[in-house]
Amino acid sequence: LAYCLMSNHFHLLIRVKNDDEIRTFDELKMFTKNDANHDPLKKPVPSNQFQHLFLTHTKKINSAYIRTGSLFEHPFERRIIENENYLRDCIVYIHNNPVKDGYAVSAAEYKWSSYNAIISDKPTLIKREHVLNLFGDLEKFHYFYGVFEKNV
């Protein structure tokens with residue numbers, strides 16, 4: 001739903017599917033039938049998938065830069081968001097993080113966040129309509145950021 005890549009950390013706001021929405025390893029075609037531990041009904045666990053992503057990324061960076069050890073200073077933090085007000089606040093916080101840290105004057109100016117993908121009509125993997133509906137519409141989305149542009 002939202003992201004921001006900073007020089008020393010990043011934010012990812014991801015909607016994790018409900019258990020009944022998550023496909024099995026077979027449906028995802030993640031294993032071949034010949035795999036010894038193949039369980040056709042097993043489903044991936046989201047936190048394990050992120051752990052795998054971060055470990056793989058760390059191994060690649062360590063290999064590329066001939067280094068060892070942990071890449072991330074702190075383990076990733078996750079929070080459960082249970083209401084739309086907090087969800088909106090998190091989206092705004094993520095997009096305004098570069099502004100707060102002095103990397104940009106506005107969320108729109110910072111190119112390594114999902115802010116511009118949300119306000120644009122270009123193709124994106126961000127669930128643009130879902131995010132805009134949380135705010136009401138594009139104009140109200142801008143209002144949350146203090147942007148009062150006409151004809152956007």
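**Aromatic pairs, a core and a histidine**

A search of the whole structure, which is a predicted model, finds seven aromatic pairs.

Biologist: Why is the pair of Tyr115 and Tyr145 called edge-to-face?

Modeller: The ring planes stand at 75 degrees, and planes over 60 degrees apart count as edge-to-face. The centres are 4.9 Å apart, and the limit for a pair is 6.5 Å, so the two rings pair and the pair is edge-to-face.

Biologist: Which parts does this pair tie together?

Modeller: Tyr115 lies in helix H4, and Tyr145 in the segment after helix H6 (138-144), so the pair links parts that are 30 residues apart in sequence. Both Tyr115 and Tyr145 are buried. They also belong to one aromatic cluster with Phe135, Phe141 and Phe144.

Biologist: Which residues of the largest nonpolar core touch the most other members?

Modeller: Of its 23 residues, these are Leu13, Ile91, Val131, Phe135, Phe141 and Tyr145. Helix H3 gives the largest share of this core, five residues. Leaving out residues up to four places away in sequence, Ile91 touches Ala2, Leu13, Val131, Leu134, Phe135, Phe141 and Tyr145.

Biologist: Why is His11 called buried?

Modeller: His11 has a relative accessibility of 18%. Buried means under 20%, so His11 counts as buried. This residue is found in strand S2 (residues 10-13).

Biologist: What makes the link between the side chains of His11 and Asn97 a polar contact?

Modeller: The side chains are joined at 3.3 Å, and the cut-off for such a pair of N or O atoms is 3.5 Å. Beyond four places in sequence, the contacts of His11 include Tyr93, Ile94 and Asn97.

Methods. Residues numbered from 1 in each chain as written. Predicted model: local features only at pLDDT ≥ 70, side-chain atom pairs only at ≥ 80, totals over all residues. Heavy atoms only, no water. Helix = DSSP H or I, 4+ residues; strand = E, 2+ residues; numbered from the N terminus. Buried < 20%, exposed > 50% of the residue type's maximum accessible area, 1.4 Å probe, protein only. Polar contact = N/O pair within 3.5 Å; in protein donor to acceptor, adjacent residues only side chain to side chain. Contact = heavy atoms within 4.5 Å. Core = buried A, V, L, I, M, F, W, Y, C linked by side-chain atoms within 4.5 Å. Phe/Tyr/Trp six-rings, centres within 6.5 Å; stacked < 30°, edge-to-face > 60°.
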